[in-house]
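Please look at the sequence and the model first, then read the notes below.

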Amino acid sequence: MSYQYIISATRENVGLITLNRPEALNALSDDLMDELGQALNDFETDDAIGAVVITGSEKAFAAGADIKGMKDRTYMDVYLGNFIGRNWERVTECRKPVIAAVAGYALGGGCELAMMCDFILAADNAKFGQPEIKIGIIPGAGGTQRLTRFVGKSKAMEMCLTGRMMDAAEAERAGLVSRVLPAADLLEEAIKTAQSIASLSRPSVMMAKSAVNKAYETTLAEGVAAERVMFQSLFATEDQKEGMSAFAEKRAPRWTHK
């Protein structure tokens, strides 16, 4: 499928989505988010794809939502049209792992999009922030909620009330990103990481993702109970038999994803 605001490609068993509005520093418009959702749908239904990477340019992952497209909307426009809720959350619904490869600015909606992914790999020039307060609004795509869960109340409150940006080193210290890489190596390392994940048993990967999300979203008791059910259910898979047999026989497993 041909897209106007993103570039969709594959790297072996990995889907690669590149945000592509360079004239607007990849500002996230409704049309771009519709295209992103369609590309994610395509990768979700493609049995050859085991993981997805979302990235932007070296200058900007996404510098925010499209302010020019929002400024004249009324409350009834955004409420009745379910602005943001209509199409932004698709990333969070993916069963396959989604990695954000962030270089340059990830601000406002860009930061929120990155946080919707399963984890963030950041270039050493990355900058994160929720500057919505400076234009008379607040984050609306989960920024106040996800940022607080990642970095804690104090730092999230400061960033949301002041609009201050966080550099890559601080983001790693605060737990927002999993690793910081040289900008020149970011994309290839993200793809390499995604390929490593995609080469594993897909039922195990999906359940591991689901189990970690339980820890993020529920109490400890609920999360442990859900983990136990998923752990036990994997003993019904062909891949569990193959994986353990391969380990005992000192050979590489041959996954069937069943």
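How far is the sulfur of Cys 94 from the closest cysteine sulfur? The model is predicted, and in it the sulfur of Cys 94 lies 8.6 Å from that of Cys 117, its closest cysteine sulfur, which is too far for a bond.

**Cysteines**
- The structure holds zero disulfides.
- Cys 94 has a relative accessible area of 4% and is therefore buried, as the cut-off for that term is under 20%.
- For Cys 160, the closest cysteine sulfur belongs to Cys 111, and the distance of 8.7 Å is too far for a bond.
- Cys 160 also counts as buried, at 12% relative accessibility.

**Helix 4**
- Helix 4 spans residues 109–116; eight of its eight residues are buried, so the helix is largely enclosed by the rest of the structure.
- Among these buried residues are Cys 111, Glu 112 and Leu 113.

**Helix 5 and helix 6**
- The axes of helix 5 (residues 143–151) and helix 6 (residues 153–162) come within 7 Å and cross at roughly 140 degrees.
- Because of this angle, helix 5 is oblique to helix 6.
- The crossing of the two helices is right-handed.
- Helix 5 contributes Thr 144, Leu 147, Thr 148 and Val 151 to the contact, while helix 6 contributes Lys 153, Lys 155, Ala 156, Met 159 and Cys 160.
- By class, this contact consists of five nonpolar, two polar and two charged residues.

Key: Residues numbered from 1 in each chain as written. Predicted model: local features only at pLDDT ≥ 70, side-chain atom pairs only at ≥ 80, totals over all residues. Heavy atoms only, no water. Axes fitted to C-alpha atoms, helices over the stretch in contact; angles between N-to-C directions. Helix = DSSP H or I, 4+ residues; strand = E, 2+ residues; numbered from the N terminus. Parallel < 35°, antiparallel > 145°, perpendicular 65-115°, else oblique. Left-handed = near helix turned anticlockwise from the far one by under 90°. Contact = heavy atoms within 4.5 Å. Nonpolar A, V, L, I, M, F, W, Y, C, P; charged D, E, K, R; others polar. Buried < 20%, exposed > 50% of the residue type's maximum accessible area, 1.4 Å probe, protein only. Disulfide = S-S within 2.5 Å.
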